[in-house]
Structures are given as structure tokens and as C-alpha cells.
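Reader: I would like to know how the labels used for this model follow from their cut-offs. Please set each value against its definition.

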Amino acid sequence: VYVLMLLMLFFGASNTIIQKFQNEIETKDPTTGEKTKYQHPFFQALCMFIGEFSCLGVYKFLEWRENKKHGGRENNPAIIDARKRNLKTEINVALFAIPACFDITGSTLMFIALVLIAASIYQMMRGTLVFIIAGMSVFFLGRRLYRHHWSSLAVIFTGLFMVGLAPY
């Protein structure tokens, strides 16, 4: 688990640094000779989602290999066990379109923000996600937030407020 945490931290930070570095690259316009920065957040988001979409190919290959190994999906021990427990084994994949639309919209807006502000502030302001998750856990899951949750949210808010004011 700790190795996965370190890898997520490393790749999350390096992703932001690489994206910001890409935004700072200057190119010359061949017709006017004028220098301009790259700054194409929509293209950056598109490339990221093409990379994520390519993971479906790996998933489908692993699913095919697993089905071939067991002589079909119906003979797969995991499917048989799930049916015994009355769990769903068929999923409407169109339902993934809803969160996917939110994800691509949010990622594109974040890449636009990365063009406009420093990478360190961008990375810190991503901490606002904690408030969204806390609200959704109360609203959708019916969870209750205790004093230590509220106090930690207050500390996070204070830190994010100070970081947000830093450029001014």
C-alpha cells in the first residue's frame, strides 16, 4: 500500500510539472517570427483521455484471456461466486458516461487553470476536492461528519484560503 501511495504521489506531481513545463514552451510562428507559448489545455486534456481510454484495450485483453482460460464467461469462478451472492454481473456501461462527462469537463477546466496560475498553487487548490467528497458522502451515503472531520475541513480551508491569496 505504501509503495502505491508513493507512486501516486510521484506520478501526480510529475504529471503537473510536465503539463506546466509544456505550457511554458515557447515556439516561433513561421509566418510572423513572433514567439508564443504552447498553452493548449484542450489538447492536453484530449491526450490524457486518449491515454486513459487505451487502458480499455488492456482490460478487454485480460477479460478475453480470463474467459478463454475458463471456457467462457459463465464458467468463470468469480462470476459464479458473484451470482451465488446475488451480486450484479451485468453492468450498463452507458452509466459510466455520466461521471466521464464530469471528469472530462473538470480536467479540462483544471488544465485551463494550470495555464493561468503557478503549478504549486494549482496543486494545492486541488485540495478543494476534499470538500466535494465530504459533501457527497453526507448527501449520497448518509454519513455523519464528526468534530474531528469538521476541524480538519476547517484547517484545510484555512490553508487553501491562504494559498489562494498568495498570488495577490
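Author: Helices here are DSSP runs (H or I, at least four residues), numbered from the N terminus. Helix 2 (41-70), helix 3 (77-84) and helix 4 each supply at least two residues to the lining of the largest pocket. The model is predicted, so local features need pLDDT of at least 70 and side-chain atom pairs pLDDT 80 or more, while totals for chains, interfaces and linings use all residues. Residues are numbered from 1 along each chain as its sequence is written, and side-chain values use heavy atoms, with hydrogens and water left out.

Reader: What makes a residue part of the lining of the largest pocket, and which lie nearest its centre?

Author: A pocket is an open set of points on a 1 Å grid over the protein atoms alone, where a 1.4 Å probe fits, with protein on both sides within 12 Å along at least five of seven lines; a lining residue has an atom within 4 Å of a point. The largest pocket is lined by 24 residues, and Leu-56, Tyr-59, Lys-60, Val-93 and Phe-96 lie nearest its centre. Helix 2 gives the most, with 10 residues. The space in this pocket is about 760 Å³.

Reader: Why is helix 1 called oblique to helix 4?

Author: Helix 1 (residues 2-24) and helix 4 (residues 97-116) pack at about 60°, with their axes 9 Å apart. Angles under 35 degrees count as roughly parallel, over 145 as roughly antiparallel, 65 to 115 as roughly perpendicular and the rest as oblique. The angle of about 60° therefore makes helix 1 oblique to helix 4.

Reader: What makes helix 6 roughly antiparallel to helix 7?

Author: The axes of helix 6 and helix 7 cross at roughly 150° and come within 10 Å. That angle therefore makes helix 6 roughly antiparallel to helix 7.

Technical notes: Axes are lines fitted to C-alpha atoms, for helices over the stretch in contact, and angles run from 0 to 180 degrees between N-to-C directions. Grid points are joined across faces, edges and corners, and a volume is the space filled by probe spheres set on the points.
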